[in-house]
Amino acid sequence: MNQPDTQLSHIATIGVDKQTIKVLELVFQGPAKGAYSLVATPQLADAVIFDLDCFDAENQWKAYREKHPQLPTLILSLHLKEILGTVFVQKPLQIERILKGLTKLQTLQQVEVVKSAPAKIENPHARDIKLAQELAIEEKEKAIHEYCGYLEDIDPKNHDQVEKIYYEPNKYLQGFFEKAYQMSQEQTNGGIWIEGLSDPIIFQGEENVLECAVGWNEQKLRTMTLMPLTKKLQLTPLDAGEIKRLEAKYTFTKLPLDNSLWKIALWTARGRIPRGTNLHHRVILSEWPNFTGLIVTPHALQITALWAMRPCSLLETAQHLHIQQRYVFSLFSATAALRLTTIDRNNHDSNTEFSKHAKRTLLQRILARLHNE
Amino acid sequence: MANNNNYKLIFTGPSGAGKSTAIASLSDIPVVTTEEKSTNLIPDGYKKTITVALDYGMIRLKNDDKIHLYGTPGQERFNFMWDILTEGGLGLILLLDNARTDPIGDMQFFLKAFSGFIQKTKVVIGVTRTDMVAQPKLKEYHCKLKEMGLMLPIFTVDARSQREVSLLLQALLYSLDPEL
């Protein structure tokens with residue numbers, strides 16, 4: 001399931017009450033002549049019907065889109081909800097509206113499959129009328145996928161699936177940035193210049209500054225990180241005088257060095273891990289990342305807290321926290337780039353049980369409150 | 001305090017580290033602060049008053065649970081209050097002022113002073129005013145913590161930023177129970 005198939009016959013529901021589910025069953029068997037059938041979970045579905053008026057809808061929606069970003073979705077609500085890539089059906093439910101909605105979803109799906117160009121052309125008017133909150137969620141989702149990718153959880157026994165989660169940082173800009181970062185950390189003054197790029201970039205480890213000549217911007221940097229390097233780059237140590245001379249020649253923008261490398265590692269990895277990382281060996285955290293100055297990927301604080309409490313493997317981490325593996329892999333790739341984590345070569349999974357905090361429910365409520373702010 | 005849906009979080013650290021401001025960033029009520037003019041001169045005027053009694057704020061949760069936020073008096077002469085304040089607390093947020101003469105010494109002092117409470121709960125550390133005084137770096141704080149046999153969440157923080165104070169508190173909550 002969940003393939004880009006144009007036939008949407010298996011439908012799952014989220015947030016839909018029992019009575020409505022019963023109505024849907026009758027509609028699917030009767031007027032729809034068996035064209036659709038209900039399935040238990042989105043994992044088994046070709047499409048989802050989501051009731052946006054249900055209890056805790058916002059969080060449920062976020063969790064759903066995080067897990068199934070590309071699953072065709074029909075939104076039910078009393079009020080107009082225009083969310084990109086979904087079809088809206090206004091409540092109260094009517095048989096005709098549901099069937100029209102599903103047909104429209106099917107058509108949208110066909111268009112998506114037929115389209116050769118991946119870029120979507122948005123209707124500016126439709127965008128204007130979206131609720132700000134929905135837009136914010138969409139933007140957040142887009143950013144999350146830029147940093148963490150779309151990889152589904154893998155079965156560690158399946159060789160083909162395991163292969164998909166590896167990448168080689170040294171074949172990308174990330175590898176050079178990591179080396180330059182390490183060299184700059186060992187300097188007491190001066191910096192490291194990456195030679196061979198179109199415009200100069202200087203690493204100043206002591207100051208935690210990345211100086212990028214004006215030709216660079218975030219979009220260009222991201223594009224560069226996605227493509228394997230084709231030309232040879234060179235790392236050149238610079239003293240303070242040489243940096244001043246370059247600063248006189250070019251206009252530089254100063255960025256925080258640790259956050260820049262962190263982002264580059266996330267962009268390049270997109271939910272993968274460096275080749276050679278053992279999935280079953282424990283992750284050793286040397287220190288907490290300075291999260292206030294970094295991109296905080298989903299579950300990053302939670303994963304770090306777990307590693308700080310007890311080293312455990314990447315797979316064990318995802319399993320214990322009941323989260324998608326790609327979020328664990330993303331954080332590992334970013335922390336490994338900054339040399340904050342390593343893999344323990346000697347020890348395997350420990351399978352130690354965690355003790356539940358006596359006030360877990362209270363702590364969860366405080367967290368929910370902080371997340372909603 | 002930890003009954004009848006009432007719980008508390010403790011903010012501590014030296015005078016001027018931003019405890020009152022951090023509490024204000026999270027609190028649902030105006031922060032009650034007992035402050036008087038400092039008798040100790042703070043040269044750059046960043047903080048014109050220092051707290052000589054406790055700060056108080058509150059987070060209200062949907063089910064009527066109340067999280068009381070207490071800021072301890074920053075001056076050592078009030079440390080008799082610390083044991084009373086921390087009793088039944090959920091955890092400790094230690095704020096350090098990077099512009100003070102010896103912030104790493106401050107960290108050691110407060111971790112020692114609250115060691116009993118920290119052993120029962122958890123602590124996170126926020127370092128403020130790193131934009132004004134860049135040294136010491138976080139690396140140096142981490143080195144000292146390693147010497148002390150500790151690995152703690154330690155972030156640079158602008159106490160006025162709700163996001164940054166919230167991240168600090170989230171790190172505390174996950175340190176208490178990563179499976180939240």
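**Talking through a two-chain model**

Modeller: Chain A is split by the domain assignment into domain 1 (10–130), domain 2 (169–264) and domain 3 (271–373), with bounds taken from an automatic or database domain assignment. This is a predicted model, where local features need pLDDT of at least 70, side-chain atom pairs count only at pLDDT 80 or more, and totals for chains, interfaces and linings use all residues. Residues are numbered from 1 along each chain as its sequence is written, while chains are lettered from A and ligands numbered from 1 in the order in which they are written.

Biologist: What makes the contact between domain 2 of chain A and domain 3 of chain A?

Modeller: Nine residues from domain 2 and seven residues from domain 3 of chain A. Two residues are in contact if their C-beta atoms, placed from the backbone, lie within 7 Å. The C-alpha centres of these two domains of chain A lie 28 Å apart. On the domain 2 side, H10(A) gives the most, with five residues. Helices here are DSSP runs (H or I, at least four residues), strands are E runs of at least two, and both are numbered from the N terminus.

Biologist: And which elements give two or more residues to the side of chain A that touches chain B?

Modeller: Helix H11 (300–309), helix H12 (314–321) and helix H14 (360–372) of chain A. H14(A) gives the most, with nine residues. Overall, 28 residues of chain A are in contact with 29 residues of chain B.

Biologist: Over to chain B. Why do the buried residues of H3(B) line one face of the helix?

Modeller: Pro103(B), Met107(B) and Phe110(B) are the buried ones in H3(B). Buried means 20 or more other C-beta atoms within 10 Å of the residue's own; 12 or fewer is exposed, and in between is partly exposed, with C-beta atoms placed from the backbone. Seen down the axis of H3(B), those buried residues fall within an arc of 75°, so they line one face. That arc is taken from the directions from the helix axis to the C-beta atoms. Their cover includes strand E1 (6–12), strand E5 (92–97), strand E6 (123–128) and H5 of chain B.

Biologist: How do the axes of H3(B) and H5(B) cross?

Modeller: They come within 10 Å and cross at roughly 35°. Axes are lines fitted to C-alpha atoms, for helices over the stretch in contact, and angles run from 0 to 180 degrees between N-to-C directions. Ile104(B), Met107(B) and Gln108(B) of H3(B) meet Glu140(B), Tyr141(B) and Lys144(B) of H5(B).
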